[in-house]
Amino acid sequence: MYTQAMDTMGKDEMRQPAVRSADELQLEARFNERIDAGEFIEAKDWMPEHYRKTLVRQISQHAHSEIVGMLPEGNWISRAPTLKRKAILLAKVQDEGGHGLYLYAAAETLGTSRDQMFDALHTGRAKYSSIFNYPTLSWADMGTIGWLVDGAAIMNQVPICRCSYAPYARAMIRICREESFHQRQGFEALLTMMTKGTPAQKAMVQDAVNRWWWPSIMMFGPPDDQSPNSAQSMRWGIKKFSNDELRQKFVDAAVDQAKVLGVTLPDPELKWNEARQSNDFGAIDWAEFWAVIAGDGPCNKERLAARVKAWDDGAWVREAATAHARKHAMKEAA
Ligand SMILES: [Fe+2]
Ligand SMILES: [Fe+2]
């Protein structure tokens, strides 16, 4: 997520101004025409305040998810089993940091500063993808995260490459290319363990899949009937498919991939439905999803504390860079 999925919005954002001027109504009509014609909106273009706020929320949540998402995998860099796996994991975690930066930059074009976004994250006001609040217990979790979590991210994110806000769409094109590498390296790591590994390594893969499967399909967000802001996001071309549509596509793809790997997905109700030409699957534990979103997941406190510590530890770098810029400006002026 990574995320079109978290449709949570503050009360202030929901409120539309009661009275709008004739000029504003005209601008809004023109904006809607452009959206209907499939045109991209650039940062300098007029846009409704509600559209701007929706994008700031979604893009910043997405950026936070990328950098918080570095933590569960970063945990395994020093313990990767071979130099090759270490190099791949290091590159992947670094990519996620880059994704965060592209996305913070895209959100900044909407008039929100990076400091404001960080402050929202560090004070717990901003959300990030629920998936990163689960612990990484074994090496097989690295492969499973690549396969399922990056796989779900791709399913979510490919449609955003065509979203109506151009700076976000452009960032997503670069990000999706890298996500596809992330997914493949995860699948390949699992396939190696499942085809050449010991019985203990195969059991480790199955255990990781058992733990990550349900949180991965929760990544698509609440069911459509509990996703009140979806209709507006679709109307604006920010969102192209509903949460449930994307979740179904992901489940169908994962079922085939699980067969190739030789792992079982931990859902006894998962079965092919000939009439729907899709897989039926069991009920998702939404109480768990909402608890994790609200801050009560297994690692929420640890993740937030790690981000706050990184920010505090970096204070001297920010101060030094500011002092250097000031000195440089003074020299130029002289
Ligand atoms: Fe990413
Ligand atoms: Fe990724």
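View 1. Helices here are DSSP runs (H or I, at least four residues), numbered from the N terminus. E96 counts as buried at 1% relative accessibility. H99 is buried too, with a relative accessible area of 0%. Buried means under 20% relative accessible area (1.4 Å probe, protein chains only).

**View 2. The iron ion (ligand 1).** E66 (OE), E96 (OE), H99 (ND1) and E179 (OE) coordinate the iron ion (ligand 1) at 2.0 to 2.2 Å. Donors are N, O and S atoms within 2.8 Å of the metal (3.2 Å for Na, K and Ca); water is not among the atoms, so sites may look incomplete. The donor spacing in sequence is E-x29-E-x2-H-x79-E.

**View 3. The iron ion (ligand 2).** E96 (OE), D150 (OD), E179 (OE) and H182 (ND1) coordinate the iron ion (ligand 2) at 1.9 to 2.2 Å. Along the chain, the donors follow E-x53-D-x28-E-x2-H.

**View 4. The bridge.** E96 bridges the iron ion (ligand 1) and the iron ion (ligand 2). The two ions lie 3.4 Å apart.

View 5. E179 and H182 lie three residues apart in helix α8 (residues 166–196), so about one helical turn separates them. Both are buried.

**Notes.** Residues are numbered from 1 along each chain as its sequence is written, and ligands from 1 in the order in which they are written. In this predicted model local features need pLDDT of at least 70, and side-chain values use heavy atoms, without hydrogens or water.

Key
This is a predicted model: local features need pLDDT of at least 70, side-chain atom pairs count only at pLDDT 80 or more; totals for chains, interfaces and linings use all residues. Helices (H or I, at least four residues) and strands (E, at least two) are DSSP runs, numbered from the N terminus. Buried means under 20% relative accessible area, exposed over 50%, partly exposed in between (1.4 Å probe, protein chains only).
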